[in-house]
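Here are a few exercises to work through with the model open. Try each task before you read its solution.

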Amino acid sequence: MSNIYLPWNASKARQRDAERARQNRTEIVRELSWGRVSRRDLIKWGLFTSAGMLAPIGGLNPFVGIASARSDDDETRTPRSPLFGVKPFTQPMPRVDVLPRNAVSSLTPYPQAYANETLMPVDRLLGGGYGPIEGRPPGSVWAHQRWDEFPPGACVETTQSPGTTNYRYDPQVASSLNSGIDPAQGMPVRFHPSLPNQNPSSVWTFNGTIPPKLVQARYGEPLLFRHHNGLPADVRQNGGFGRHTISTHEHNGHHGAENDGFTGAYFFPNQFYDYHWPIVLAGRFSMNTGATDRMASTPDGGGGLINVPGDWHETMSSHWFHDHMFGFTSQNVYKGNVAMLNIYSGLDRGNEEIDDGVNLRLPSGSAKDWGNLDYDVNLLLADKAMDRDGQQYFDIFNSEGFLGDVMTTNFAYNPYFEVERRKYRFRILNTSASRFFKVALANASGAAQPIIQIANDGNLLPAPVTLLALDEQGTAERYDIVIDFSNYLVNEKLHLVNLCEHEDGAMPAKDLSMARALSGSSPDPCVGRFLEFRIVREPAKPDVSRVPGVMIPNPDLSQIPVARVRTFVFGDGADQKGRNPITALFGPWGISTGDSEKLNADYGRISAAPRFGTREVWRLINDGGNWDHPIHIHFEEGQILARNGSAANVPKWERGRKDVYRLRPDGSVTITMQFRDWGGMFMEHCHNTVHEDSAMLLRWEINGGGEPFLRPLPTPIPTPQGVTFEDPTFEKRT
Ligand SMILES: [Cu+2]
C-alpha cells in the first residue's frame, strides 16, 4: 500500500481530488461524533471492509459525495497539512504546564465517598429536567474504596474546556530552563507562532490551554482529582470531531476501579467527577504492612523519608491520564485530552542532591525537597493533521489507524529546546492515535549518539540500558531516558530523530537507519528530526545527578503460585453479540479469550474475572501479520515472561515491569500479574486508539468472592439525568 499522504509535488488535480475525498471523510467523522450515524451504520453501508479500507458505497447512506469521489488510490490518501511556510526548529519547546495542588478544603462541594447526587438543571440540549452534579455512578459499588483510610491530602481541580489562551502557564522552572519562554506573555492555542490559532472547537484540553498539563504526586499522599466537564452541551459544537462526554483514565494507576476512568462511566457537560488516587504501592495490604522497609518510602517535604506500606519493587514514576470515552477515545485524546502525572517516591524523588541511601538521584534539580523539574523534562509526542485553514482535524482513513503528517512535541511543531551541558532526564510519552515512533539522538554530523534508557512505561528498569536508538514506542508507552550533554560542547546542536516509517496506521512499515531517516527521502512526513537540543551554557551548578547501575529490581514472584493461565487473541473479523446500543461497539477489531470467536467490545460483558489476591499468567497473541497492537491492561503492572514463547526474546529494556505490550506482527507476549489491593471493573484493549474505538476492548473484573467487592458488578448506563444500571453478561468461563 502506498503512503497515505500525497507527496508535496502531486499534481493540482490529484490534490483537488484528495481534498474533496478528505472533506467527505471528515463529514463522516462529524456525523459519527454528533451521533447522527453509528459505527454500525458505517459498516452496513460498506464504509469499512474486512481489510479496513474505505470502500465504495451504494445508495443507502447520506454521504453522496463519497461514491463519486472514490475512484482510485488517491481517494484514500489525503493532502498534506499546510505549514504556511513555517520552518522547523524556529520556536522554543514549551515545558509542560504544572497544575496547581491545592488544599482539599478549597473544593466546593467537599468531596465524599459516594457520588454527589445533588440535583441541578440539565441543559435542554441534553434532555432537560434535573440531573446529578457529579457524573460518577451512584451507590456503594462506585463509592471510593477505603475513603476513610485514605483521606486526600491534596487536590487538583481542572476543567475540560474548548481551546483558549493560557494566562496561567506555570512550568515550575525558571525561564532560562524553558528556552527563554516568558509565561506571563499568554500562550494561544497553536502549533507554532506563525501557524493559525486553533478555534475553540478544534482543540479541547485540560483548562482549555496548552502546553499539556502535568500533575505531580507522591506516594503516601492521596490525591483528589476533580475533573469538571466544561465542554459544550451541544454535541455539534465540536469542530467536526470529539464527543463532549468524557471519562478520565489515570493510565495504570493502582486505584479502585471507580477512579480508573472506566469507559462506560463517562460524565456530561456541567458535571464533575471526583477521582480519588490513593497512590499506594502495590501489595499495600499484604506486604510490608508495618512500613518497616525504608526502600518503600516517600519524601517528607523536609529532606527526609516517610515509610509507606507495600512492595517497593512496585514503585512507579511516569504516568499519564487521558480520556477513555467509549467509542470516542481516539478523537478525544487526539483533540487534547492528554496530560502527564509524575509520581515521586523515596527512590525517585525528583531531587538529585539528597544522599540518603534510598534516593537514586536521577537528573532533576535540588531547590525543592521533591519534584524538581529543572532537568527532568516531560515530552509528549503526537502526530497531528491540519485542514486547509490550518485547523486540527481528525479523519477516518480506515479503521487500521489515524496518521498525522505534522510532528509535535508538547503541542509544538518541531521545536528547539535549550539545555545546559549536563545530564537531563526526558520522560517520552507517545500520545498519537496510532503512530509508533522509534527515537534516536543525532549529533550535528548525523551520527547516532548514546541514550540511556532508565524506565519503561511507569517503571524504572532493574538496570539502565544504553542504546543508539530506542525500541519502537507504541501509543501510551513511556520511555524515560537520560542524555548526558556534558559529552558535547556549548553551542553544539543535537536532534531527536524519528526512525519509524509508516505507510498506514496499522503498524510500522519499517525502521530506517539514521542516515536514511535524515536524508529526507522518506515518504512519511513524520520521519526525521523533530526536536532540536541547543547546548547553550555550562551547568549553573555542578551536575551531581546519577544513573545508578541498579535501580528497581523486579518483584520476586517465585513463591507465588499461578492460579490460572489465560489466552487473549487480538485480530480482525470480530463479531458483536451484544444488543445494547449503549454498551456495544461495532468494528472489524476484536478479542477472543482462547479458542472462542473474536468479539467486538461490549462494556456490559465480562470476559475475565481473576480472583482477588491471586497471580495469573496471560498470553497475548496477535493473530495477524499485517498489524501491530500495543495492548494495555489496566490497573496491574505485568512482567514479560516471554516473547514468541521464549524468555530470550525479551529485550533488556522490557525486563522490568510494563503496562503496555507491543505484540508485533504475528507475535505473542506472555506476561504475569497479581491482582491486589483494589477491586471493580477494569479493561484490556489495544492502545492504537482507532483499533480500540473500532471495538478492540474488553472488560475484566476482579472477582472478590463476595468480599470486599460485590460480584458481578452492575454495568453503568450514564445519562445526563443520572446513571442507571443493568445486569452484566458473561463470556463463558470468566
Ligand atoms: Cu491494535
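**Exercise 1.** Which residues coordinate the copper ion, and through which atoms?

*Solution.* Quick ground rules: this is a predicted model, where local features need pLDDT of at least 70, side-chain atom pairs count only at pLDDT 80 or more, and totals for chains, interfaces and linings use all residues. Residues are numbered from 1 along each chain as its sequence is written, and side-chain values use heavy atoms, with hydrogens and water left out.

Step 1: look for donors (N, O and S atoms within 2.8 Å of the metal, or 3.2 Å for Na, K and Ca; water is not among the atoms, so sites may look incomplete). You get His629 (ND1), Cys686 (SG) and His691 (ND1), at 1.9 to 2.1 Å.

Step 2: write their spacing in sequence, H-x56-C-x4-H. His629 sits in the loop between strands E32 (615-622) and E33 (630-633), and Cys686 in strand E38 (residues 681-686), so the pair ties together parts that are 57 residues apart in sequence. Strands are DSSP runs of at least two residues (E), helices of at least four (H or I), numbered from the N terminus.

**Exercise 2.** Is His629 buried or exposed?

*Solution.* Buried means under 20% relative accessible area, exposed over 50%, partly exposed in between (1.4 Å probe, protein chains only). His629 has 0% relative accessibility, so it counts as buried.

**Exercise 3.** Find where the peptide bond from Thr108 to Pro109 sits, and say whether it is cis or trans.

*Solution.* Step 2: Pro109 falls in the loop between strands E1 (97-98) and E2 (119-121).
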